[in-house]
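Keep the structure open while you read.

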Amino acid sequence: MDLSKLHTQKLYINGEWQGSKGGELHPVINPATEETLCEVVQGTAADVDNAVAAARAAFKDWGKSRAAKRQALMHAIADGMEARKQDLIEAVSLALGCPAHITEWLHVDGPIYAMRYYADRAEQMEKTEKAAHSVVLREPVGVCGFITPWNYPLHQFVGKVAPALAAGCTMIQKPSEITPLQDYVMAEIIDAAGLPAGVFNLVPGPGPIVGAALSAHEDIDMVSFTGSTRAGIEVAKNAAPTVKRVTQELGGKSPFIITPDADLDAAVRWGCEDVFINSGQTCTALTRMLVPADRYEDAVAIAKQVAEETAMGTGADDFMGPLSSARQRDIVRGYINKGIEEGARLVTGGDETPEAFPKGFYVKPTVFANVTNDMTIAREEIFGPVTCMIPYKDMDEAIAIANDTEYGLSSGVWAKDTDSAMLVARRIEAGLCFVNGGDFNYEAPFGGYKRSGNGREFGEAGLDEFIELKSIQLPE
């Protein structure tokens, strides 16, 4: 992909590439080489106003459009994603640092599937239901503001944009400054597919400026945010005066319970790989590994081996790339040092720069043992390749430790069989649970309990977030 041909110094508003009203340029850094890939314009509050006006005008027709029209356009977008799949892979891989061969199935294949999934559900908006003497209609919520993260940028783009399009909403999309490139590719795909002007608008920029303007804007009906709990709280505060709908997918500190009867080697290996993939920058990562006390040291030895065998780099045989930025690398190093200070046993890894990578924002796959659930590394989201191994004496204690967190996004269980694992999964307070290595499912709801957010993405529930229900009372 020729980055110089992307419109990175423009905004996409009302179906046109245009300049920003006062926005500066921001470098996009390759985290594997520390070199600048390109510069991306940073939008302003005035740019948000323009985009919202375009989306509001477009909603008059798009919100009333036939489902068949929206479905056809969304399939055209999915076709465009297939045609430019390599560009999407490179856009994510270059800016995030995830090896391209992993980026393909982890970051790109699923979003293409999800775009088609929601295209085929646009027709649900035209269904009516009877409730005694009432008729229940579905209508789009309106103009939406989307704020997406840097760690799974295309995944979260499609998780918001696709159901919104299917419902008949219009939108303004704000990507992270760290990984905005795939959004530019998507804007070109959307433009080529013939989506009406103003339905989709792209305004990159910093959260405190563009994100704040979106969440507070009086002409935006809904804001959907993915990111840290801290930033999510600010989005909710900004949105409160206008009483707009807010959905949030926030942080996690997810437990992985390995039961006494589980295949220990398979469970520990899967659990470690779950944390190390994407360099640990996964909100659902199962970073607290709970192991029976009498099998604990065996599990620690397996985790050490997995970590030390993990191939680092961005090549075709590598599993784990760099962290996304120097800032994120330093945050992770700080947590590693905090773990040592608080008495956890550093089994392998650590905060030193890997010898093979003097350049790039790399952190070694790290395993901590002798972790207690009151330690900082067990309480706070590290967002790096750090596994915390915690022993438990019986299943009641394991459940208590698993649920002793302010988060509730994800969880995992590995047991001798599915039925046994299901008994444990039902007791965990989290929106997701991965049983015996089960895969992510784009047709199932995704979201968390407690401070991990509210609302759901993907599946039928993901479409529901963009729907207003109207009941019409008929004479009996």
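## Ground rules

Two strands are said to pair if DSSP finds at least two bridges between them. Helices (H or I, at least four residues) and strands (E, at least two) are DSSP runs, numbered from the N terminus.

This is a predicted model, in which local features need pLDDT of at least 70 and side-chain atom pairs count only at pLDDT 80 or more, while totals for chains, interfaces and linings use all residues. Residues are numbered from 1 along each chain as its sequence is written, and side-chain values use heavy atoms, with hydrogens and water left out.

Let's start with an open sheet of three strands, ordered 5-6-22 and paired antiparallel. Strand 5 (129-131) and strand 22 (467-473) sit at the edges with a single partner strand each, so one side of each has no neighbour in the sheet. From one strand to the next, the twist averages 35° (axes are lines fitted to C-alpha atoms, for helices over the stretch in contact, and angles run from 0 to 180 degrees between N-to-C directions).

Strand 6 (residues 134-140) pairs with strand 22 in the antiparallel sense, over seven bridges. Which residue of strand 22 is the bridge partner of R138? That would be L469, while L137 has K470 as its bridge partner in strand 22. Strand 5 and strand 6 also run antiparallel, joined by three bridges, and E129 stands opposite V136 in strand 6. The hairpin of these two, strand 5 and strand 6, has two residues between the strands, and A132 takes a positive phi near 55° there.

## The strand 3 and strand 4 hairpin

Another antiparallel pairing joins strand 3 and strand 4 (residues 35-41), over six bridges. Their hairpin has four residues between the strands, and here E34 takes a positive phi near 70°.

N30 is worth a look: this residue lies in strand 3 (residues 25-30) and stands opposite E35 in strand 4. N30 is buried, at a relative accessible area of 12% (buried means under 20% relative accessible area, exposed over 50%, partly exposed in between, with a 1.4 Å probe and protein chains only). Its side chain reaches the backbone nitrogen of A32 at 2.9 Å. Leaving aside residues up to four places away in sequence, N30 touches E35, L37 and L94, where contact means heavy atoms within 4.5 Å.

In helix 8 (residues 229-239), the residues T229, A231, G232, V235 and A239 are buried. They cover an arc of only 155° around the axis, so they lie on the same side of helix 8; the arc is that of the directions from the helix axis to the C-beta atoms. As background, an α-helix has 3.6 residues a turn, so residues three or four places apart point the same way.

What do the buried residues of helix 8 pack against? Their neighbours are strand 7 (143-147), helix 7 (207-216), strand 10 (222-226), strand 11 (245-249) and strand 17 (407-408). The face turned away from the buried side of helix 8 carries R230 and K237, which are exposed.

## Aromatic pairs

The structure holds 14 aromatic pairs. Rings of Phe, Tyr and Trp (its six-membered ring) pair if their centres lie within 6.5 Å; planes under 30 degrees apart count as stacked, over 60 as edge-to-face and the rest as tilted. F146 and F466 have ring centres 5.9 Å apart and planes at 90°, so this pair is edge-to-face. It links distant parts of the chain, with F146 in strand 7 and F466 in the loop between helix 15 (459-464) and strand 22, 320 residues apart. Both F146 and F466 are buried.

W150 and F383 make another edge-to-face pair, at 5.5 Å centre to centre and 85° between the planes. W150 is in the loop between strand 7 and helix 5 (153-167) and F383 in the loop between helix 12 (376-379) and strand 16 (386-392), so the pair ties together parts 233 residues apart in sequence. W150 and F383 are both buried. There is a cluster too: ring pairs link Y12, W17, F157, Y184 and F200.

## Positive phi in loops

Most residues other than glycine have a negative phi, and most peptide bonds are trans. S279, with a positive phi near 60°, is found in the loop between helix 9 (264-276) and strand 13 (288-292). Is S279 buried or exposed? At 2% relative accessibility, S279 counts as buried.

N436 has a positive phi as well, near 45°, and sits in the loop between strand 19 (434-435) and strand 20 (449-450). At 25% relative accessibility, N436 counts as partly exposed.

Key: Polar contact = N/O pair within 3.5 Å; in protein donor to acceptor, adjacent residues only side chain to side chain.
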